[in-house]
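I opened my notebook beside the viewer and went through this one topic by topic. Here are my entries, in the order I looked things up.

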Amino acid sequence: MRTNVLMVCLGNICRSPLAEGILKSKVDPERVFVDSAGTAGYHINNPPDPRSIEVAKKYGVDIAEQRCRQFNIQDFDLFDVIYAMDKENYYNIIKLSSSAADRSKVHLLLGEIDGSANEVPDPYYGGVEGFEHVFQMIANACEQIAKRL
Ligand code: 4NP
């Protein structure tokens with residue numbers, strides 16, 4: 001059976017597009033479907049931030065064709081696992097849930113590394129080094145996820 005995994009951040013232009021692209025690069029697309037979305041709707045239909053596109057390209061991951069979409073309640077039915085990049089997004093997803101089954105699908109991405117409640121920081125207002133930093137954190141978590149899927 002195919003597992004459907006959704007990566008969620010605020011804008012769906014910096015962190016979750018990286019998470020989508022990185023996890024896709026580590027799994028068999030026949031077995032795992034990966035998508036991403038933002039809890040906010042500021043950037044709908046936009047491509048990822050150029051800094052995310054650049055850092056992904058540096059590590060051989062092409063995310064340039066992705067387009068932003070907003071998280072919606074249907075995603076609880078479509079996806080088996082929903083990873084939030086930080087606590088704010090985690091709680092905003094939980095607020096939209098309507099059952100314990102919905103809520104059981106939602107996790108913090110970095111919890112996959114060590115069970116911690118660590119967050120992937122928002123790199124939007126910083127420099128390119130922030131994008132390098134979040135790339136490494138996300139890649140670490142996706143390595144663990146890919147091993148278990
Ligand atoms: P993301 O980063 O949630 O990682 O995509 C952000 C992108 C845009 C904004 C905030 C965070 N914004 O305020 O437009």
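**Entry 1: salt bridges**

Which side chain does Asp-75 meet in a salt bridge? I looked it up, bearing in mind that this is a predicted model. The partner is Arg-69, with N to O at 3.0 Å. Asp-75 counts as buried, at 1% relative accessibility. I then saw that salt bridges with shared partners join Asp-35, Arg-69 and Asp-75 into one network.

Is Asp-49 buried or exposed? Asp-49 counts as buried, with a relative accessibility of 8%, whereas Arg-51 is partly exposed at 23%. My count for the whole model came to eight salt bridges.

**Entry 2: Gln-66**

Staying with the loop between H2 and H3, I found Gln-66 there. Its relative accessible area is 12%, so I put Gln-66 down as buried. What does the side chain of Gln-66 reach at 3.1 Å? I found the backbone oxygen of Pro-17 at that distance. Leaving out residues up to four places away in sequence, Gln-66 touches Pro-17, Glu-20, Gly-21, Ser-36, Asn-46, Pro-47 and Pro-48.

**Entry 3: nonpolar cores**

Next I turned to the nonpolar side chains. In soluble globular proteins, such side chains tend to be buried together. How many residues does the largest nonpolar core have here? I read off 33, and those with the most contacts inside this core are Met-7, Leu-18, Leu-23, Met-85, Leu-109, Val-120 and Ile-138. Strand S1 (3-9), helix H1 (15-26), S2, H2, strand S3 (81-84) and helix H7 (128-148) each give two or more residues to this core. H7 gives the most, with 10 residues.

Setting aside neighbours within four places in sequence, I listed its contacts as Met-7, Tyr-83, Ala-84, Met-85, Val-120, Ile-138, Ala-141 and Ile-145. There is also a second, separate core of 11 residues, and Phe-71, Ile-82, Ala-84 and Ile-93 are among them.

**Entry 4: the ligand**

Last, I went to the ligand. Which residues surround the ligand? I wrote down Cys-9, Leu-10, Gly-11, Asn-12, Ile-13, Cys-14, Arg-15, Tyr-42, His-43, Asp-122, Tyr-124 and Tyr-125.

I then went through the backbone distances to ligand oxygen. A polar backbone atom of Leu-10 is 2.9 Å from an oxygen atom of the ligand. For Gly-11, I found a polar backbone atom at 2.8 Å from a ligand oxygen. Ile-13 has a backbone N or O atom 3.0 Å from an oxygen atom of the ligand. What share of the ligand's area does the protein bury? Taken alone, the ligand exposes 350 Å², and 93% of that is buried by the protein.

Methods:
Residues are numbered from 1 along each chain as its sequence is written. This is a predicted model: local features need pLDDT of at least 70, side-chain atom pairs count only at pLDDT 80 or more; totals for chains, interfaces and linings use all residues. Side-chain values use heavy atoms; hydrogens and water are left out. A salt bridge is a side-chain nitrogen of Lys or Arg within 4 Å of a carboxyl oxygen of Asp or Glu. Buried means under 20% relative accessible area, exposed over 50%, partly exposed in between (1.4 Å probe, protein chains only). A nonpolar core is a set of buried Ala, Val, Leu, Ile, Met, Phe, Trp, Tyr and Cys residues joined through side-chain atoms within 4.5 Å. Helices (H or I, at least four residues) and strands (E, at least two) are DSSP runs, numbered from the N terminus. Contact means heavy atoms within 4.5 Å. A residue is near a molecule or strand if one of its heavy atoms lies within 4 Å of it. A polar contact is a pair of N or O atoms within 3.5 Å; within protein, one must be able to donate a hydrogen and the other to accept it, and residues adjacent in sequence count only if both atoms are side-chain atoms. Accessible areas come from the Shrake-Rupley method with a 1.4 Å probe; for residues, only the protein chains shown count as cover.
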